[in-house]
Amino acid sequence: GQGLLLWVQPDATKAVGQAHELLFSRWNGMNWSNPGKVTDDNLIDLQPQVQWANDGKAVAVWERYQASLTATTPLTNALLQKTEIATAHYDPTTGLWSPVTLLTENLALDMAPTLARNRAGQLIAVWRQNAAGRLQGDAAHPDQISAAFYDQGWQTSSLAVKEIPGLMELAVGYGNNSALVVYSQPLSAANGVTPTVELFSSRWNGSAWSAPTPVTNNSGVDQHSPQLVYNQANEPILVWLAGSQLQLRNLSTGVTAPALALPPTVSGVSGFTLVQDQAGNLATVFTAQNYPYQLYLTYYDEAHKLWSNPTPLADHTSVARDLSAAMDATGRLLLGYALTEVASNDDISATVIQSRIHRFAVEPGTQYMLAVD
């Protein structure tokens, strides 16, 4: 019944380049706590992920620059090679975070970690690594996918996929003695002219990672926003966007659910997030660029193998972004996101922007459910 939300927030008392800290708020089933600090130093911390583990603690991973920067520090590949994956755990009995430790200490850019939990409470973290310090890999400076497992403590990290000439997005799912990573990369289309973004997967069988295999190939449309969960039968379920269609495929059986075509009013999807309840039903939450950036929700009914149409989730006149979602044991959907209020004055052509963290819960069985006859 506990929840934990992490976000990045600059400390106004610190110098530019040294102010980005991690903050958190705890959900006790009824209310969110006042924000507290996870980090407090002169290093930049970014892109946190957090999951509850089988030891009763919440485990976080994130990007951490192992150098103190200034406002004029040039962004070089050598500097980016000092980006590591950091971790800390939260003890709910004391309400305290452990000291920060590192999962990586190398001369490579380690970034964009993502975290998954299996039903036994074991965790896996995967992240993108580029030895040359490139923000975007290519054939001469390829990306790699690194992975580390957590079972009452972190195990030594290892390479899951090597030599990717341009990794774009990365997702991970964790089952019983099995894990899967799905990632996207651009490929030349069949006509050899227009590249498309395609999906690939690699499976961990309990001892080793498999060679990557195509999930999609020469599809003609970009495949993006992959998300993974394992169902009750220990099968990986992949959900992604193929152009403007929402797709679902069981990667063990190969069974594909009917696609959901997003309406023209729902375009420019970002922040695509997938969660699963204990019955195997799925929910996706995302933002779309029909002004203002609106939050949308779709449900997948496992019994009927059908998606609901996208439903606006909150009526904001502001820009919603950086979305995160989780499902509790009662089927309640918890959301956290940044909400930027925009106020315009035509007389002076000025725009005032104010951001804040927004947190709320969607109760099950109320207005966001799909009924199929």
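Predicted model: local features only at pLDDT ≥ 70, side-chain atom pairs only at ≥ 80, totals over all residues.
Student: What is the phi value of A112?

Tutor: Most residues other than glycine have a negative phi. A112 is not a glycine, yet its phi is positive. The value for A112 is near 55°.

Student: Where is Q152 placed, and is Q152 buried or exposed?

Tutor: Q152 also has a positive phi, of about 60°, although it is not a glycine. Its place is in the loop between strand 11 (143–150) and strand 12 (158–164). With a relative accessible area of 60%, Q152 is exposed.

Student: Is T287 buried or exposed?

Tutor: T287 belongs to strand 22, residues 282–288. Buried residues are those under 20% relative accessible area. Since T287 has a relative accessibility of 2%, it counts as buried.

Student: Why is strand 15 described as largely enclosed by the rest of the structure?

Tutor: Strand 15 covers residues 195–204, a run of 10 residues.

Student: How many bridges join strand 14 to strand 15, and which residue of strand 15 is the bridge partner of V181?

Tutor: Strand 14, residues 179–188, runs antiparallel to strand 15. The two strands are joined by 10 bridges. Among the bridged residues, V181 has as its partner in strand 15 the residue S202.

Student: Which residue of strand 16 is the bridge partner of F200?

Tutor: Strand 15 also runs antiparallel to strand 16, residues 213–214. The two are joined by 2 bridges. In strand 16, the partner of F200 is P214.

Student: How many helices and strands does the protein chain contain, and what share of its residues is buried?

Tutor: The secondary structure comes to 1 helix and 28 strands. Among contacts between residues at least 6 apart in sequence, 44% join residues at least 24 apart. Of the 373 residues in the chain, the buried share is 49%.

Terms used
Residues numbered from 1 in each chain as written. Heavy atoms only, no water. Helix = DSSP H or I, 4+ residues; strand = E, 2+ residues; numbered from the N terminus. Buried < 20%, exposed > 50% of the residue type's maximum accessible area, 1.4 Å probe, protein only. Contact = heavy atoms within 4.5 Å. Pairing = 2+ DSSP bridges.
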